[in-house]
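Look over the sequence and the fold, then read on.

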Amino acid sequence: MRLDPLAFGAPGGLFRRLRDAAGGDWTGYTWHPFVQGLARGTLPLAAFRHYLIQDYLFLIHFARAKALAVVKGESLEAMRGKAAAVLAILDETKLHLRYCAEWGLSEAEVTAVPETAETVSYTRWVMDRGLAGDILDLEVALAPCTVGYGEVARRILADPATVLEGNPYRSWIETYGAADYQQLASAAALRIDALGVSHGGEARFARLARDFAEAARLEQRFWQQGLNAG
């Protein structure tokens, strides 16, 4: 399956403008050496296991940020959608622990590990942007994670050097390349576009672009900690 990495968001919409403005920060995140290792199946197992543990801890705070989006939601419909997202992420933490078990990591092992500085700095920064700003500020801080993983999968699947047969990370790649996750990522990008119109995104573009790029840099550091551990 070959997917266009640039297809998220509407042409001329806020998401694509933010993505383009992030430039090398965005590329450095979505095509980080960690991602390339996943694509080729060459990523050291220790790097992936470290990532899995920190990603579980990240999910807990991602749920908290989504809960904040209920508070910041611009309408009852938006609040209902974000409340459902919180429950979905909390369910995902259970699935993540089962996935960790497939890689030889028990729940006790995963939950005993403290958050790294990279995990703390990223998750608390997202919460800070949400607490300090409105729903658009929060959604822009969250979008690089949600939409970015969709693009990471598309880049991997579009790269001719990608190896799927015999790749130990094929299940991870196919999870984020699957239709359901791609639809989730697409909806998140279109929500940024819609909030950009309703919440004055044009007038606030410089600040939003700085936040989007910062989230991309924090994502890079999140990958890099895995490589360093490996």
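Trp223 touches Tyr29, His32, Phe34, Val35, Tyr51, Tyr149, Val152 and Trp172, leaving out residues up to four places away in sequence. Touching, or contact, means heavy atoms within 4.5 Å. The model is predicted: local features need pLDDT of at least 70, side-chain atom pairs count only at pLDDT 80 or more, and totals for chains, interfaces and linings use all residues. Residues are numbered from 1 along each chain as its sequence is written, and side-chain values use heavy atoms, with hydrogens and water left out.

**Nonpolar core**
- The largest nonpolar core holds 71 residues. Such a core is a set of buried Ala, Val, Leu, Ile, Met, Phe, Trp, Tyr and Cys residues joined through side-chain atoms within 4.5 Å.
- Trp223 is one of the members that touch the most others, along with Leu18, Phe48, Tyr51 and Trp172.
- In soluble globular proteins, nonpolar side chains tend to be buried together.

**Thr146**
- Thr146 sits in helix H8. Helices (H or I, at least four residues) and strands (E, at least two) are DSSP runs, numbered from the N terminus.
- Thr146 counts as buried because its relative accessibility is 9%. Buried means under 20% relative accessible area, exposed over 50%, and partly exposed in between (1.4 Å probe, protein chains only).
- Neighbours within four places aside, Thr146 contacts Phe62, Tyr181, Leu184, Ala185 and Ala188.

**Largest pocket**
- The volume of the largest pocket is about 980 Å³. On a 1 Å grid over the protein atoms alone, a pocket is an open set of points where a 1.4 Å probe fits, with protein on both sides within 12 Å along at least five of seven lines; lining residues have an atom within 4 Å of a point. Points are joined across faces, edges and corners, and the volume is the space filled by probe spheres set on them.
- Of its 35 lining residues, Leu59, Glu92, Tyr176, Tyr181 and Leu184 are the closest to the centre.
- Two or more lining residues come from each of H4 (45-72), H5 (76-102), H8 (135-158), H9 (170-177) and H10 (179-198). H5 gives the most, eleven.
- The lining has 22 nonpolar, four polar and nine charged residues. Ala, Val, Leu, Ile, Met, Phe, Trp, Tyr, Cys and Pro count as nonpolar, Asp, Glu, Lys and Arg as charged, and the others, Gly among them, as polar.

**Whole chain**
- The protein chain has eleven helices and zero strands.
- Buried residues are 50% of the 230.
- The C-alpha atoms fill a box of roughly 45 × 40 × 30 Å along the principal axes.
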